[in-house]
Amino acid sequence: MSYQSTNPYDGKVLQTFEQIDAAQLEQKLKQASDCFENVWRQKTFAERSAVLARAAAILRERPQEFAELITLEMGKLLPQSLGEVALSAAILDYYAEHAERFLAPEKLTPRRGEAMVESSPIGVLFGVEPWNYPYYQIVRFAAPNLMAGNVVMVKHASNVPQCALAFERLMQEAGAPAGAYTNLFISKDQVSQVIDDARIRAVALTGSEAAGAVVAARAGQNLKKTTLELGGSDAFIVLEDADLDKAVKHAISGRMSNSGQACTASKRFIVVDAMADRFLEKFQAALEKFQPGDPMDKQTTLAPLSSKEALKNLLGQVDGAVAGGARVLIGGKRIDGQAGPFMQPTILTDIDKNNPAYKQEFFGPVALFFRVADEDAAVALANDSPFGLGGSVFTQDIERGKRLARRIDTGMVFINSDLTSSPELPFGGVKNSGYGRELSGAGIQEFVNKKLIRVS
Ligand code: NAP
């Protein structure tokens with residue numbers, strides 16, 4: 001496995017990076033561990049906060065430089081890359097500002113004497129991260145944990161090495177001491193070695209179910225805590241009293257943002273009968289407007305997928321769905337005349353329970369459309385999934401929306417919107433979508449020692 005930066009738009013290899021050897025890995029582990037013990041855990045919240053706030057400021061001063069690297073390596077539209085850089089800065093600032101309050105000691109009231117719970121850092125953490133939001137994914141893990149006094153080591157996805165290095169440099173430039181944030185270009189075997197290493201205290205992974213299962217099993221053998229942020233197949237429920245134009249607008253952003261390569265993308269469109277034809281007509285018309293092109297060009301509305309392999313997998317899923325009885329309403333094929341891996345915006349209908357597509361995650365611009373009789377059928381279908389990440393409900397009756405939201409077995413439900421991420425909102429799922437939370441106050445509590453101090 002090598003770390004290679006390839007521009008998905010034209011297939012040009014931009015740069016290749018060597019994996020580190022055993023001696024280099026040992027040196028980095030030692031540096032991280034020393035940094036934790038002797039430097040970072042000793043710092044005050046104000047000192048750590050200054051580093052994170054400076055990193056946020058640098059992202060805001062030079063957004064173009066950071067955003068262009070995202071687009072070059074994984075192909076998303078440049079305005080969306082700029083949005084990711086801004087969100088990453090906001091997360092850094094959020095934890096710089098609020099971490100001390102989130103981790104404030106809690107005074108207890110025992111029958112006699114004194115007792116309190118303090119939150120102390122646990123040590124060196126290891127994160128395995130995906131390519132689809134190359135900075136945001138790292139920041140969600142690094143920002144809260146650095147503020148908590150832990151240090152972090154990250155194995156990023158092998159197709160975004162320049163973003164991985166850019167983030168490491170950003171932290172250095174912001175004043176993080178050597179070893180507080182470490183990028184690791186390592187093989188999967190070395191991932192196992194790192195998890196086994198006694199200096200690593202816990203592991204976080206964002207990625208596929210397959211990778212999550214492997215990494216969590218290894219951590220489990222070592223009795224180390226994990227958090228897993230895995231795949232999703234979010235339901236997008238439209239009830240008969242929904243604002244149709246609003247629903248269609250969010251259906252488009254929910255399915256098409258990041259070329260559909262998001263864990264919380266809207267993937268299963270579940271529409272009650274009374275609204276189904278009208279929704280489908282408008283949704284289809286809006287999808288047909290997307291124009292492929294260079295993601296660096298601000299006129300382009302449809303970006304390539306991240307790699308040829310990603311397109312091949314997605315086309316294979318569409319073929320499997322059709323073989324299983326699904327109908328292609330629009331799209332279903334690669335876009336000809338483009339060098340890069342472009343997928344036509346696609347709607348699949350007539351997907352029954354036995355169709356393989358029924359339980360799969362489609363990581364690209366492919367919408368699965370389901371027509372249901374009423375809200376009960378919509379909830380039943382939404383929950384009939386191995387995943388439990390997010391979901392949306394569209395209705396003009398907010399109380400009805402909340403009642404439905406409570407019945408949906410996911411970590412997040414948005415009423416009258418597709419899913420968006422924000423520093424103050426907890427992010428995470430249940431079922432095969434993983435466990436644990438990132439962002440918000442919850443995200444900083446995962447890897448701290450809630451230590452009881454008792455005075456008798
Ligand atoms: P992936 O293959 O699981 O890759 C994610 C990370 O895991 C990469 O760094 C990858 O390294 C590493 N990895 C893969 N297999 C591994 C193994 N056996 N041992 C150790 N490390 C391993 O995920 P992907 O397919 O690129 O990303 C898409 C998936 O991530 C989708 O399912 C998506 O829904 C999910 N995702 C979830 C969230 C969330 O927050 N819930 C967010 C984004 C994406 P290499 O690149 O070197 O293979």
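A nitrogen atom of the ligand lies 2.7 Å from a polar backbone atom of Leu230. This distance, like the others here, comes from a predicted model. The backbone of Glu229 also faces a ligand nitrogen: one of its N or O atoms is 3.5 Å from a nitrogen atom of the ligand. Glu361 takes part through its side chain instead. An N or O atom in that side chain is 2.6 Å from an oxygen atom of the ligand.

The protein is divided into two domains. Domain 1 is made of residues 2–230 together with 433–455. Domain 2 covers residues 234–422. Taken over C-alpha atoms, the centres of domain 1 and domain 2 are separated by 30 Å. The two domains touch: 23 residues of domain 1 are in contact with 28 residues of domain 2. About 2,200 Å² of area is buried between domain 1 and domain 2. Carbon and sulfur atoms give 60% of that area. On the side of domain 1, Tyr9, Leu77 and Ser433 supply 29% of the area buried against domain 2, more than any other three residues.

Polar contacts also cross this interface. Between domain 1 and domain 2 there are 9 residue pairs in polar contact, with both residues at pLDDT 80 or more. Two helices each supply at least two residues to the side of domain 1 that touches domain 2: helix 3 (63–74) and helix 4 (78–102). Helix 3 gives the most to this side, with 4 residues. The residues on this side of domain 1 divide into 12 nonpolar, 6 polar and 5 charged. Salt bridges across the interface of domain 1 and domain 2 number 0.

Salt bridges do occur in the model. Their count comes to 25. One of them joins the side chains of Arg400 and Glu240, with an N to O distance of 3.0 Å. Arg400 belongs to helix 13 (residues 398–407), while Glu240 sits in the loop between strand 10 (234–238) and helix 9 (244–256), so the pair ties together parts that are 160 residues apart in sequence. Side chains of opposite charge can pair when their charged atoms come close.

Gly436 lies in another loop, between strand 19 (434–435) and strand 20 (448–455). Neighbours within four places in sequence aside, Gly436 is in contact with Thr227, Glu229, Phe427, Gly428, Gly429 and Glu446. Among these contacts is Glu229, whose backbone also faces the ligand, at 3.5 Å from a ligand nitrogen. Ala67 is 369 residues from Gly436 in sequence. In space, the two residues are 28 Å apart, C-alpha to C-alpha.

Methods: Residues numbered from 1 in each chain as written. Predicted model: local features only at pLDDT ≥ 70, side-chain atom pairs only at ≥ 80, totals over all residues. Heavy atoms only, no water. Domains from an automatic or database assignment. Contact = heavy atoms within 4.5 Å. Buried area = accessible area lost by both parts, 1.4 Å probe. Salt bridge = Lys/Arg side-chain N within 4 Å of Asp/Glu carboxyl O. Polar contact = N/O pair within 3.5 Å; in protein donor to acceptor, adjacent residues only side chain to side chain. Nonpolar A, V, L, I, M, F, W, Y, C, P; charged D, E, K, R; others polar.
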